[in-house]
Amino acid sequence: MTKESAIVVPIICALVVAIAPHTFGLPLWINAWCLVMWGYMLVRLKTGWPLPSARIRYGLTFTGMIGLLLTYRVQIGADAFIGLLALMAAIKPFEMATHRHQMITVLLTYFIIITSLFRSESMFIVLYMFFSVFITTIALVRINAPEDKLQESVKLGSKILAQAIPLMVLLFLLFPRLPGSLFGIQDKSLGQTGFSDRLSPGSVTRMAQDHTPAFRAEFRGPGPASTQLYWKGVVFQKFDGKTWTPQEMEQPSLPTLISPGETHTYTILLEPHNSIWLMALDKPIKGPAWALLTAGQVLKSQRPVKKRLQYTVTSLTRDSFMITKKNLTGADTEGIVPDSSDTSIDPSPPHISGQILAQKMAASIISTAKTKNPRTRALARTLVKKTASPTEKIQALLAYFKENQFIYTLNPPEAHGHPIDFFLFESKTGYCEHFASAFAFMMNVLEVPARVVGGYLGGEHNPYGNYLTIRQSYAHAWVEIFDPKNGWVRVDPTMAVAPERMETNPDGSSTALQPSAGLFSFSQRLTFALDAANMRWEAWFTGYSYFEQKAFLEKLGLGKWAGFTGTPLILSLLALGALAGFSSVLVWLFQLRRDRPDPVQQAYGLFCRRLDKLGLTKRLDQGAIDFAKTSGKTRPDLQTTIRTITDLYVQLRFQKKCPDTTLAEFKDRIKNFNPKPVQSPGSTLSKDITH
């Protein structure tokens, strides 16, 4: 292999491995661009094709930048940034004639590896990054020692990576947590799934096609029943006849729990969705310190969730009305659950009663949509002619859905004209948002305040991790009606048509907690096991925020620094100091290892000193074999012994594998090597030798 091949091939391999995680997120033309450029360099090593001239390289760079601008336009995000790095990495191998450019290419490769965290922080991508760093480090070794064998480069690369791991862990624990993403770059392509601030026919239906996880929930202790797995995210209180939107009429207020009720505490690992909504079970009563828990019982983040987020919530839970069959007064009839656990929570600001607030909301809805869906208005009034209480009105509307052959489907026809009129009188086919929107609108027409809630229903239990995975396809919409005694109470009109949705997720999995993994196939168990391992990793890796770092420092006895306003500076100095100390220890250990006497060289030095006493001095430019030849010519009587010892030395120094007895034999021969100097002709020894 030529010197150029020994350098170019490892670098291109490192670039391919670094870009691989981004392949599916990059445009097809950028992937093809990289393959063509790198392929040309590899073919050139065999064919001797010329390198592109500087003019051609500049032209390629200009063309790539134009393509990048046409693809991403003015959208500056992670995709555009990674695309730019990919274009640079594709052309850079054309100019690696000097050691400086080779090093720049390797540093660019390391930077591309870091950008993998823009896509994901999962355990699998981190392990892949370690592999990519290992390949790139081997390329770095080859640049600086192209004549070495590949095995030696791999061995040295492994040592370097092993030595870097302790430093990496140290910096992870001590370096100040960043509030945003690396360099402030956000991937605008992330977080586009999930609930938005608008709900119209088809909104939830589109989400039902997405099976990626929306969030995961791990309970402290036994989890709630499957009938209680209503994950609230957005409350829609304003309606224009087609679209529901939030209208926060309350001021943020933390409700206080006075009377006891069934509560569950759990930890949420939320995927980025680029909105402020935080998912929580039906009635959250306590959330993280940095979140807002409004009087409308909705958890909100103070800024859009653009990275994976972990938080702990405590919620009051209750059963679905389709299971308990109770009404607001507690009678055993077809109605809704009395939300007795909420009697101590004031759903409105101190100066406005909850009932007045709800009535204002209902009046606003009716006023805004007074010319919309006229047939639905007339139908609602017709259905409740013989009813008086809110419970009877609810039962009448639910009975209408149940008895008129409505169909629950993911493929409803596109609405036209008045959407709710079309749904109730023409198609009679819809998804949860159709039933919830129609039911809430009719309840408001009947002067019973009602609002639509967007969130998720159910969850897939992981038997290895004892947590629930809630996917985007589990998106659901239901209704909350206002009762003067109990506040906002959940009613799910979809259950009147598809009660099986309460027990089964849209993908066919059960919402019930499974007792063991024995009910699943091998592939399912393997999927659950890998997901559980990744869940633990992400909970630790992603969850190590400023607050966790502060708690860690307090355990180390550095609590006063953790609460200091200059924490970032203190932590930076602490991390740098620890890094400097650790580096000093490594240098000291390596110095000790370097200064440690080599037993082979030590024994050979003794051998040379004994020959020096005989007048046989080894020159600095003289090798061991040459020295043995000249010494043997001067002292023929010692020629055999000198040659034997020298052969053992060469074998120990340059042969990779030697028998364990070789070193012992080498030392013994030198130990017993004590020759006498040759005497002058008139000496006694000469006479003895002569005679």
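# A guided tour of the chain

The protein chain has an accessible surface of about 35000 Å², 60% of which belongs to carbon and sulfur atoms; areas come from the Shrake-Rupley method with a 1.4 Å probe, and for residues only the protein chains shown count as cover. This is a predicted model, in which local features need pLDDT of at least 70 and side-chain atom pairs count only at pLDDT 80 or more, while totals for chains, interfaces and linings use all residues. Residues are numbered from 1 along each chain as its sequence is written, and side-chain values use heavy atoms, with hydrogens and water left out.

Start with the whole chain. It holds 24 helices and 18 strands; these are DSSP runs numbered from the N terminus, helices being H or I with at least four residues and strands E with at least two. Of its 691 residues, 46% are buried, where buried means under 20% relative accessible area, exposed over 50%, and partly exposed in between (1.4 Å probe, protein chains only). Among contacts (heavy atoms within 4.5 Å) between residues at least 6 apart in sequence, 71% join residues at least 24 apart.

**Stop 1: Met129.** Select helix H7, residues 123–144, and find Met129 in it. Met129 counts as buried because its relative accessibility is 13%. Leaving aside residues up to four places away in sequence, Met129 touches Ile113, Ile114, Ser116 and Leu117. The C-alpha atoms of Met129 and Ile113 are separated by 6.3 Å, with the two residues 16 apart along the chain.

**Stop 2: a three-strand sheet.** Select strands S6, S10 and S9, which form an open antiparallel sheet in that order. S6 (277–278) and S9 (292–293) are at the edges, each with a single partner strand, so one side of each has no neighbour in the sheet. S9 pairs with S10 (residues 299–300) over two antiparallel bridges; two strands count as paired if DSSP finds at least two bridges between them.

**Stop 3: Thr314.** Move to strand S11, residues 309–316, and select Thr314. Thr314 counts as buried because its relative accessibility is 15%. Its side chain makes a polar contact of 3.0 Å with that of Thr265. Such a contact is a pair of N or O atoms within 3.5 Å; within protein, one must be able to donate a hydrogen and the other to accept it, and residues adjacent in sequence count only if both atoms are side-chain atoms. Beyond four places in sequence, the residues touched by Thr314 include His264, Lys283 and Pro284.

**Stop 4: helix H15.** Select residues 432–445. At 1.5 Å a residue, its 14 residues should span 20 Å, which agrees with end C-alpha atoms 20 Å apart; the expected span is 1.5 Å times one less than the number of residues. After H15 comes Glu447, with a positive phi near 65°.

**Stop 5: strand S17.** Select residues 475–483. Nine of the nine residues of S17 are buried, so this strand too is largely enclosed by the rest of the structure. Ala475, Ala477, Val479, Ile481 and Asp483 point one way, and His476, Trp478, Glu480 and Phe482 the other. In a regular strand the side chains alternate between the two faces of the sheet.

S14 (residues 450–457) pairs with S17 in the antiparallel sense over seven bridges, and Gly454 has Ala477 as its bridge partner. S18 (residues 487–491) runs antiparallel to S17, joined by five bridges, with Glu480 opposite Arg490. S17 and S18 form a hairpin with three residues between them.
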